[in-house]
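Hello,

Here is the structure I promised to pass on. Please open it alongside this email; my notes follow below.

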Amino acid sequence: KCIKTTMKYFIFIIIIFYLSTSVPAQGIHIESIIHTADADSKLLVNQRTTEFINQQNFSLPLIREAEIRLGINGNATPNQLDGYLRNEDYYAIKISPNSLRERKYQRALKPAQADLYKSNDHMFMQEAIFERYQSIVKLYYAEIFIKEKSKLQPFLVKKSALLNEMLDQGLDIKFKDVVDVEYDKNDLLSSLFEYSNIVNEEHERIKGFLNVSDSIFVDFDHFISSDEIRTIILTVDTSNVVLSPEVIYTKYKAQLSMAELNYQKSRNKQIFSFFQAGYSPVVVSEEAKTKFNPSNDLTFRFGVNVPIGANNNLRRSEAAIKLYEDKNDAILTREKYKADIMLQRTKILQLIDAKDQWQKMFDNNLILKLLKNESLKDQITPLEIMDMEISVIKLKLQGLKLDDKIANEYIELMSIIGALNDTAMNYLTRD
């Protein structure tokens, strides 16, 4: 009975491993996945919004209004008691311009608004690339974990069968050995299910990036190692945060607020009010006028304002407060990113130090030395050999978990410093 149970367990594990690691039909390079960020929907929508803004006219026309004035005064019919009395007619055109100062600062609002939206391109591009990096790293290590964890399967099967034989023969066995093997079997099943789900999910996500429906196989040749990440971390410039998308965004946000404040300051300061040209014939003449006489009948008027800037205090103050807040936000964001970069760099270096410690422990592992020594194997029981083999595999898995953490923290750092802004760059594959 125990042999049948063990065989069922063995077959079940093989099926899971096959489904998770079967070779798909289409091979995909990492670069091809990263390049799909150029077609990210949020990025494209933002780019179209920027184009739409550039098509708009933010400034008022030169002329605010043009007014035609017509006036008829006096009698409706001629009166010749005291000579020929003519109606007092008046014809004029009045031009009122917009403020040249306001128009200047209104035009400055357009590029400031467009630059703010264009800065979002960096943010959306980095989000899209970071999403693809995360998916690639998760898939890479999930496939490795499946492969490495599956190596436990034959040893757990042998250990379980060996314990069953010892029970059948009435030999003494440790209760702890029984509990350990059952726990390891259940943990292996659970882990394989978990990593198989990750593989399937990431395959579907990457297929969505590529807009394909066929099965895919990601080519992980020359995938970056922890040692190579260490070299990059030690040489990368972590003091410059100007490429961080959020830092760029807050910078342009403050520039837009500055343009808005300049515009508000320019309002209610117009001096020249209007220009008027009119024609008015004389009221009384001995003879009815029959000819147009520009030298006598034309009039010109100019209007001048006395600006009272205090009328704009509310809007100017609101704009000044917003600029003050946006400048502070830009400063705080830069400081936050500087701190985040140093913290993230320290976190990665600590993980790399832990990996170094693990490597030393692995290289000096006594169990490995015993397993390699054929002369000493005769002095070790089969059950002890199984335990030693399982221990070595578990130790390898610990190192693999550190590699996984290092890779994830590494792409997080590259995101914080703003390095993930170009689909032509691949930070997951060594040269």
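H222 sits in the loop between β5 and α7 (226–235). Its backbone is worth a look. H222 is not a glycine, yet its phi is positive, at about 65 degrees. Before you go further, note that this is a predicted model.

N211 lies in the loop between α6 (175–210) and β5 (216–219). N211 also has a positive phi, near 60 degrees, and it is a residue other than glycine. Is N211 buried or exposed? N211 has a relative accessibility of 71%. The cut-off for exposed is over 50%, so N211 counts as exposed.

Start with Q106. Q106 is part of helix α4, which covers residues 100–149. The relative accessible area of Q106 is 4%. Buried means under 20%, so Q106 is buried. What does Q106 touch, once its neighbours within four places in sequence are left aside? The contacts of Q106 are F58, S59, L60 and Y263. A polar atom of the Q106 side chain lies 2.9 Å from the backbone nitrogen of L60. That distance falls within the 3.5 Å used for a polar contact.

Next, D326. This residue is in helix α10. D326 has a relative accessibility of 6%. The limit for buried is under 20%, so D326, a charged residue by type, counts as buried. Which residues does D326 touch, not counting those up to four places away in sequence? They are T250, K253, A254 and S257.

Helix α10 brings me to the last item, a helix pair.

Helix α10 spans residues 313–363, and helix α13 spans residues 382–416. The two pack with their axes 9 Å apart. The angle between them is about 160 degrees. Angles over 145 degrees count as roughly antiparallel, and α10 and α13 are therefore roughly antiparallel to each other. Their crossing is left-handed. What kinds of residue make up the contact of α10 with α13? There are 15 nonpolar residues, three polar and nine charged.

- H222, in the loop between β5 and α7
- N211, in the loop between α6 and β5
- Q106 in helix α4, with its side chain 2.9 Å from the backbone nitrogen of L60
- D326 in helix α10, touching K253 among others
- α10 and α13, with their left-handed crossing

Best wishes

Note on methods
Residues are numbered from 1 along each chain as its sequence is written. This is a predicted model: local features need pLDDT of at least 70, side-chain atom pairs count only at pLDDT 80 or more; totals for chains, interfaces and linings use all residues. Side-chain values use heavy atoms; hydrogens and water are left out. Axes are lines fitted to C-alpha atoms, for helices over the stretch in contact, and angles run from 0 to 180 degrees between N-to-C directions. Helices (H or I, at least four residues) and strands (E, at least two) are DSSP runs, numbered from the N terminus. Angles under 35 degrees count as roughly parallel, over 145 as roughly antiparallel, 65 to 115 as roughly perpendicular and the rest as oblique. A crossing is left-handed if the near helix is turned anticlockwise from the far one by less than a right angle, and right-handed if clockwise. Buried means under 20% relative accessible area, exposed over 50%, partly exposed in between (1.4 Å probe, protein chains only). A polar contact is a pair of N or O atoms within 3.5 Å; within protein, one must be able to donate a hydrogen and the other to accept it, and residues adjacent in sequence count only if both atoms are side-chain atoms. Contact means heavy atoms within 4.5 Å.
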